[in-house]
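Open the model in your viewer and keep the selection panel at hand. The stops below go from side chains to the whole chain.

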Amino acid sequence: MFKKVVRRIFKAMLWFVGISILLVLLFKWVPIPWTPLMMTRAIENKFEGKDMICSHDWEPLENISTNLQKAVIASEDAYFLRHHGFDFNAIEKAMKSNEKGKKLKGGSTISQQTAKNIFLWQGRSYLRKGLEAYFTVLIELIWGKERIMEVYLNSIEMGDGVYGAQAASKYWYRKDAAVLTKKDAAGIAAILPNPRRFSATNSTPYINRRKARIAKHMEYVDAIKY
């Protein structure tokens with residue numbers, strides 16, 4: 001009986017690994033049409049009686065202003081182009097901060113955030129963090145930095161019901177993502193901690209301070225050259 005259970009678990013693990021690798025290979029070339037978060041938001045809106053349509057327009061990385069690349073790197077992951085998926089210094093700082101009872105911080109890189117947004121559910125648990133690490137390794141190995149950035153900028157939540165750079169650019173600034181200015185990009189990056197609560201335009205003093213800090217740090221980061 002025990003051996004049968006072990007064999008079944010082993011087979012299930014093999015199926016999971018195989019399917020996950022196939023998905024990562026597929027999404028190396030195919031635009032991601034939908035994410036678990038988009039599905040969650042759609043279900044939430046339905047139960048809350050909100051008639052809200054998800055806005056999500058995929059654009060190749062070359063059609064997205066490098067200002068937005070620099071803004072999210074400056075805001076979310078300063079060492080994105082240097083690490084291999086994990087920023088261990090940031091993780092260590094986050095753990096120390098959490099141990100001291102301060103505001104919980106995740107220390108997640110852009111690669112980790114991308115893995116979570118595309119393949120996993122929201123929330124905090126050891127299982128999800130373990131799977132997040134697994135998918136992070138896969139996308140770093142199979143996709144590379146350029147594709148990770150492209151997927152990230154096209155899939156993350158950038159407003160209430162707004163996903164991806166093009167949709168966010170249209171929603172906040174009435175322009176295409178290709179022509180986002182440094183100020184525009186800093187505005188979008190500044191709201192990423194909570195894009196449903198904060199506004200990239202007519203912002204609160206807190207967000208305006210974040211915009212200024214991000215715009216300053218953008219001078220010291222590089223964008224992916226394609």
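Select Lys145 and Phe80: the charged end of Lys145 sits over the ring of Phe80, 4.6 Å from the ring centre. A charge counts as over a ring if NZ of Lys or CZ of Arg is within 6 Å of the ring centre and within 35 degrees of the ring normal. Next, select Lys28 and Trp29, where Lys28 lies over the face of Trp29 at 5.1 Å from the ring centre.

This is a predicted model, in which local features need pLDDT of at least 70 and side-chain atom pairs count only at pLDDT 80 or more, while totals for chains, interfaces and linings use all residues. Residues are numbered from 1 along each chain as its sequence is written, and side-chain values use heavy atoms, with hydrogens and water left out.

Stay on Trp29, which is placed in the loop between α1 and α2 (36-47). Helices (H or I, at least four residues) and strands (E, at least two) are DSSP runs numbered from the N terminus. Trp29 is exposed, at 67% relative accessible area (buried is under 20%, exposed over 50%, partly exposed in between; 1.4 Å probe, protein chains only).

How many aromatic pairs does a search of the whole structure find? The search finds 8, with rings of Phe, Tyr and Trp (its six-membered ring) paired if their centres lie within 6.5 Å; planes under 30 degrees apart are stacked, over 60 edge-to-face, the rest tilted. One of them is Phe16 with Tyr134, tilted, at 5.6 Å centre to centre and 35° between the planes. Phe16 lies in helix α1 (residues 2-26) and Tyr134 in helix α6 (residues 126-142), so the pair ties together parts 118 residues apart in sequence. Phe16 is partly exposed at 36%, as is Tyr134 at 23%.

Now select Tyr171 and Trp172, an edge-to-face pair at 4.8 Å and 85°. Trp172 is buried, with a relative accessible area of 14%.
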